[in-house]
Amino acid sequence: MSTATTTPPAPPRHVPLSERPPGSGYRRFKDRAASVVLTGAMVLAMIPLVLIVFEVTRRGIGVVDLEFLTATEPPPRREGGGYAAGFFGTLYIMVLAVVLSIPFGIATAVYIVEYGPNRLTGAIRFFTDVMTGIPSIFVGLFVYGLLVIGWGGLGFGTFTGAVAIAIMMLPIVTRSAEEMLRLVPDEIRNASYGLGARTWQTIVHTVLPAAAPGLVTGSMLAVARGIGETAPLLLTAFGTGLVVTSFQGEPQGAVPMQLYRGALQPFEAGIDRAWGAALCLFLLVLVFTIAARWIGSRASVSR
């Protein structure tokens with residue numbers, strides 16, 4: 001009866017420098033140099049962000065409390081008070097802006113993806129890209145000329161402010177929704193058509209549910225962009241320190257406008273409230289951004 005003998009594996013052969021492929025050391029050097037340069041660039045880019053977050057948190061953390069969220073703004077010299085009017089106005093305007101922008105943005109993306117390509121979809125995509133880069137002050141001037149002093153003179157108010165913010169949000173919603181709809185596999189559409197579904201039934205019952213997490217992510221990023229806009233509201237909502245519930249015809253407050261005007265005051269109490277508003281606005285944008293990223297990551301895992 002023979003026993004099989006196993007030979008131990010040979011140790012790895014050391015390749016002398018003279019036998020290594022030419023340029024391998026130089027390639028490693030370039031790789032390490034590129035890593036160092038990119039890491040340094042990232043650190044340099046993070047320095048301003050870290051400093052801004054630190055300063056806003058340091059100056060605003062002592063101001064934000066329950067009174068700041070529920071009380072109206074007192075005279076500039078007086079301590080205490082809050083930006084309740086700004087928080088209410090921001091919520092009011094953003095709800096209307098969401099209603100005005102997200103359904104239209106998703107519908108536009110559906111038309112581009114499901115009914116294109118054609119000349120109209122090309123024009124829509126072009127103007128959507130142009131709108132993405134338009135400065136917000138131009139949007140405010142457009143709505144000011146069209147609705148505030150034009151078309152019968154609606155004046156300043158919640159609705160005109162919401163229209164301006166909706167215009168800022170619309171291209172973001174459209175482009176993000178378009179990309180999400182393109183990620184839906186064609187096999188799903190073909191399966192729906194094979195079962196006898198019409199185009200609109202396939203879109204409503206198959207395509208949109210499959211792209212829903214991505215649509216929510218893009219919509220929340222658009223809300224995070226719109227909630228911090230100031231220039232369009234200065235020309236459309238105008239701003240006030242009082243809680244206003246009217247739909248249109250009276251100036252409406254918002255946190256960015258109260259922050260801007262509070263920072264211009266020469267009194268320490270007003271400036272402190274502006275720092276508190278800046279911290280609250282930063283937290284609102286951060287919450288929406290993190291929620292959008294979380295929804296997007298969960299959608300990627302589920303796929």
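Of the contacts (heavy atoms within 4.5 Å) in the chain between residues at least 6 apart in sequence, 73% join residues at least 24 apart. Please keep in mind that this is a predicted model, where local features need pLDDT of at least 70, side-chain atom pairs count only at pLDDT 80 or more, and totals for chains, interfaces and linings use all residues. Residues are numbered from 1 along each chain as its sequence is written, and side-chain values use heavy atoms, with hydrogens and water left out.

The chain has 11 helices and zero strands, where helices are DSSP runs of H or I with at least four residues, strands are E runs of at least two, and both are numbered from the N terminus. Its 303 residues are 35% buried, meaning under 20% relative accessible area with a 1.4 Å probe, protein chains only. The accessible surface, from the Shrake-Rupley method with a 1.4 Å probe, is about 17800 Å², and carbon and sulfur atoms account for 69% of that.

Now for the interior. A nonpolar core is a set of buried Ala, Val, Leu, Ile, Met, Phe, Trp, Tyr and Cys residues joined through side-chain atoms within 4.5 Å. The largest one has 28 residues, and those with the most contacts inside it include Ile93, Met94, Ile165 and Met169. Two or more residues come from each of α3 (84-115), α6 (158-182) and α8 (199-226), with α3 giving the most, nine residues.

Take a look at Met169: leaving aside neighbours within four places in sequence, Met169 touches Met94, Ala97, Val98, Ser101, Ala222, Val223 and Gly226. A second, separate core has nine residues, among them Tyr83, Val255, Ala277 and Leu281.

Note on methods:
Buried < 20%, exposed > 50% of the residue type's maximum accessible area, 1.4 Å probe, protein only.
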